[in-house]
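Here is a brisk report on local packing and charge pairing. Please keep the sequence and the model open while reading.

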Amino acid sequence: MGNPTAFLNIGRKEAGYRPVNDRIKDYGEVEQTLNAEDRRLQASRCMDCGVPFCHWSCPLGNRQPEWQDRLYKNDIKGAYELLTLTDDFPEFTGRVCPALCEKGCVLNKTHEPVTIRENEAAIVERAFEEGVVVARPPRKRTGKKVAVIGSGPSGLACANQLNRMGHSVTVYEKNESIGGLLRFGIPDFKLNKSVIDRRLDLMKEEGVEFVTGVEVGKDLPTARLLKDYDAVCVAIGSGEPRNLNVEGRDLQGVHFALEFLQQQNRVNAGEEVAKSDRITAKGKHVLVIGGGDTGSDCVGTANRQGARSVTQIEIMPKPPVGENPATPWPYWPVILKTSSSHLEGCERRWLLDTRRFVDDGTGKVGSVEVEEVEWIKDPETGRMNLKHTGNKDTIKAELVLLAMGFVNPVQEGLVADLNVEKDARKNVRVDEHQQSSVEKVFAAGDASTGASLVVRCIASGRNAAKGINRFLMN
């Protein structure tokens, strides 16, 4: 701890966002940055709290107090090395992590936590700028070959760790570019794709091989993969979106959120999309169904495309604002979250269930009928049960985006071919080493846990790499 009294006399200072009128005109990252001296002062606020709940809150077990101290002392090399001991990709988590660590920070008891996430991003950016980050290929190779299927955060973390252990790693990706949902699901205004490319260049230089445009189980037989590699890690994510099977679901203009987000990211990357295939919000009333991060990303993208209006609805109750006694510090607080996208223009409504999509007379969606609901607690079981009130409303909508989460990995192809055991939710069942019921097959990230956070996926990928190394070297 560099300055033992800083938390008493230096307030929390966030970098903030670019002005709304500027940022909705482009897909550049919305977050601004503080100058180096302000960032050092923010790092100095990390106090000698005795029990670092930030460390406890982080799925990666990041050593926040240690690298905050290094940042305050302007030791970027030391800060970066401490940061990457536990996090393979701090440039990703520093941008898109919801910062569970900050919610556990002792200073969050007064709602003034250390700006841990922003400090993390600042460390890694300075480390790249100052030449601290260099390729470090392994000195020896073990002669073992591992295939990682999927190139999202869990797959990349697993591949990165295995390569550093000396194994030869090949990452297979069904899409045309590496990155999984980091590249195709998260909008550019939250994560510029050059940040991914910069890390991939390092991994290639260190010896990781990437194969794109190949879907294992379709373009490449699964049996051949099992024969050619000593171990396989399934990191394909939870690709089956939750559907809404109500009247009018097949109308034009009703899409899964990921279809919408992926297409815009591809357009930003320079891909040509036929006008007939283009999903656009321009000049339309847009309805986003689902109140999570994916729904928020749809709101921001729709505003950038020039939507006439954007409404976001959620079937659950509106969370408390600011404080929630049911989730006290240091636990993750279930409170109302307002993202940068919401601040750009959006009407938000809660306790609404979608009953049907209404045809505008041309085979396209023109409005959506919703009904107010209540959640009633069963006194015997404690379960919350949904009750429809009968109060209905109609929301004008010419583009509807279903952002209700994902249910499980795609079962056809790879998962079916592997014949691995699955849990009750159809995720790949794994043990504490991320090993499946098939000896040489492991699974990581959303494929084994269901849809989760980038930070948890990285942690899962790292754990899978340890399990695979243990299996290969026994």
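The model is predicted, so local features need pLDDT of at least 70, side-chain atom pairs count only at pLDDT 80 or more, and totals for chains, interfaces and linings use all residues. Residues are numbered from 1 along each chain as its sequence is written, and side-chain values use heavy atoms, with hydrogens and water left out.

S296 sits in helix 15, residues 293-305. Helices (H or I, at least four residues) and strands (E, at least two) are DSSP runs, numbered from the N terminus. S296 is buried at 6% relative accessible area. Buried means under 20%, exposed over 50%, and partly exposed in between (1.4 Å probe, protein chains only). Beyond four places in sequence, S296 touches Q312, S339, S341 and H342. Contact means heavy atoms within 4.5 Å.

F189 lies in the loop between helix 11 (181-184) and helix 12 (193-205). F189 is buried, at 1%. Its contacts beyond four places in sequence include Y27, D297, R304 and S341.

Helix 5 (residues 64-72) packs on helix 3 (residues 36-44) at about 145°, with the axes 8 Å apart. Axes are lines fitted to C-alpha atoms, for helices over the stretch in contact, and angles run from 0 to 180 degrees between N-to-C directions. R39, R40, A43 and S44 in helix 3 meet Q68, L71 and Y72 in helix 5. The buried residues of helix 5 are covered by elements including helix 4 (53-57) and helix 9 (116-129).

A salt bridge is a side-chain nitrogen of Lys or Arg within 4 Å of a carboxyl oxygen of Asp or Glu. The count comes to 33. Three are listed here.

| Pair | N to O distance |
|---|---|
| R39 and E118 | 2.9 Å |
| K73 and D69 | 3.3 Å |
| D293 and K337 | 3.0 Å |

R39 is in helix 3 and E118 in helix 9, so their bridge ties together parts 79 residues apart in sequence. R39 is buried at 5%, and E118 is buried at 9%. K73 is partly exposed at 45%, whereas D69 is buried at 11%. D293 is partly exposed at 37%, and K337 is partly exposed at 42%.
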